[in-house]
Amino acid sequence: MDRLFDFVTVVKVVGKRGVDFGKGEIIITGDLVGAHAHALMPDGNVLHSDAVPGNARLATANARCNFDELIQVNSEGSHSINPFENDYNKRGQNQFIIAAMPELPEVETTVRRLREPCVGQRIVDVTINWARHISTPSPKQFRQRIRDQKIESITRRAKYLIFNLESSFLLIHLKMSGRLEVVNADTPRDKHDHTIFHFANGREMRFNDTRKFGKVYLVNDVDDVTGHLGPEPLDESFTAKRLSEILQAHHKPMKTFLLDQTLLAGVGNIYADESLHRAKIHPKRYSDSLKPDDVKKLWRSIRHTLNLAIKHNGSSIDWVYPQGEHQNHFRVYDRQGEPCYTCGKPVRRIVMGGRSTHFCSGCQRL
C-alpha cells in the first residue's frame, strides 16, 4: 500500500495553484491518467475526479494519477508544496497507484476470528444503512429472507466470507475498506457501520465500510457468486500438476497470472510479489515458459507464503486492517531500494497492469 497520503482526508485534483485551501485537505496538481482518481470524503462518500480538474463525481474505480506536485494542508490551514518525486518518477514511471484490498490470509484470519462469536447465533434482523452494499437480492428481500436464520458455520472462498445459514448462504466481500466486528448492541455505532446483523443474544455483527465498496450476497448456491473463480491454492486438490496445467494453458506475465482470480483464487498484490520472490521467478516471465522445476517451486512458494501470512494473522496493509503482523516479514513487498535478504541486491518496484510490483534484481532474473 502506498502511504503518500491518508484516505481520511479530502483530496482535490486541480489544474493550477491559486485555489482556496481547506483545513486538512490534500491537494494534488497535475493531469490524471487512466479513468479516475479517488479519495475518501469526510462524510464517507468516495470522491472521484475526472481528467478535467475540479470535476468531481461519485463512482467506483481504482485510482491512478500522474502527479506534478503534492500540496498538503496542515490542521492550521497553512500549506506546503512539494515536488512529487517518488520511486516511480525516479525509474521513469509516473503513475501513482492507490489500491489495497484484504487478500486470502486477511480474509481467512477474519473467518477464524468470527467463528466463536457468530456460529450458533440466530439473525433476528438486519439494518441496512447503505442499500448498495446489498448485491443480491434486493435490500427488502434480503431483510425478509435472512430473518430468523441461524449461522451454522463460517468458511471462505477466495476473498469471500461465507456464512452457512440454515436455508441459504450469506457471502460478504470486504473489498478495500470493509471490516466485520461483533459487539454488544449498546456499543455506539460508527458512521461507517453500513450493514448491521442483529443476533438473538443481543449482540451485533457490523459491516463497517468506509469506502463503501463492500458487497453482501444472500444466495441458495455459493457458485452463483463464486463459480467464476479459479482453484483454492491451499486446497489439497490444488497440486503442482494442476498448477502446471493452468500455467501452460495461458501466455501471461506471471504477476498478471497470479492476480487473475479466474485462474487462481485469493492471491492478491502482496502475496503474488512474495510468492514470486520465494520461487525466484521474475514477475514479467510468461506463465507458459515455466519448466517443471519452476512450477514446483512456485507451487510450494504460494502455499508456504499464504500459510505463513495466515500464521501472522495477515498483513496490516493500512488503517483498515490493523491486526496483522506479516508486514514485518515481507521479503520484497514495500521494500523498494532495500537489500534483498537472500542476495543483498536492491529490491525494485515497477508497475504492471496498474499495480505496484516488487522483485529482487538479483534473485529474479528474466
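1. A helix here is a DSSP run of H or I with at least four residues, and helices are numbered from the N terminus. The model is predicted.

2. Of the 366 residues in the chain, 53% are buried. The accessible surface is about 16,200 Å², and carbon and sulfur atoms account for 46% of that area. Contacts between residues at least 6 apart in sequence were also sorted by separation: 63% of them join residues at least 24 apart.

3. Helix α7 spans residues 269-279. How many of its residues are buried? The number is 10 of 11, and α7 is mostly covered. Among the buried residues are Ile270, Tyr271, Asp273, Glu274 and His277.

4. Two packed helices are described by the angle between their axes and the distance between the axes. For α7 and α8 (residues 292-311), the angle is about 130 degrees and the axes lie 8 Å apart. Angles over 145 degrees count as roughly antiparallel and those from 65 to 115 as roughly perpendicular; α7 and α8 are therefore oblique to each other. Their crossing is right-handed.

5. Which residues make this contact? On the α7 side they include Tyr271, Glu274, Leu276 and Arg278, and on the α8 side Lys297, Leu298, Ile302, His304 and Leu308. By class, the contact has 8 nonpolar, 4 polar and 3 charged residues.

6. Just after the end of α7 comes Lys280, with a positive phi of about 60 degrees.

Conventions. Residues numbered from 1 in each chain as written. Predicted model: local features only at pLDDT ≥ 70, side-chain atom pairs only at ≥ 80, totals over all residues. Heavy atoms only, no water. Buried < 20%, exposed > 50% of the residue type's maximum accessible area, 1.4 Å probe, protein only. Contact = heavy atoms within 4.5 Å. Areas by Shrake-Rupley, 256 points an atom, 1.4 Å probe, with all protein chains shown as cover. Axes fitted to C-alpha atoms, helices over the stretch in contact; angles between N-to-C directions. Helix = DSSP H or I, 4+ residues; strand = E, 2+ residues; numbered from the N terminus. Parallel < 35°, antiparallel > 145°, perpendicular 65-115°, else oblique. Left-handed = near helix turned anticlockwise from the far one by under 90°. Nonpolar A, V, L, I, M, F, W, Y, C, P; charged D, E, K, R; others polar.
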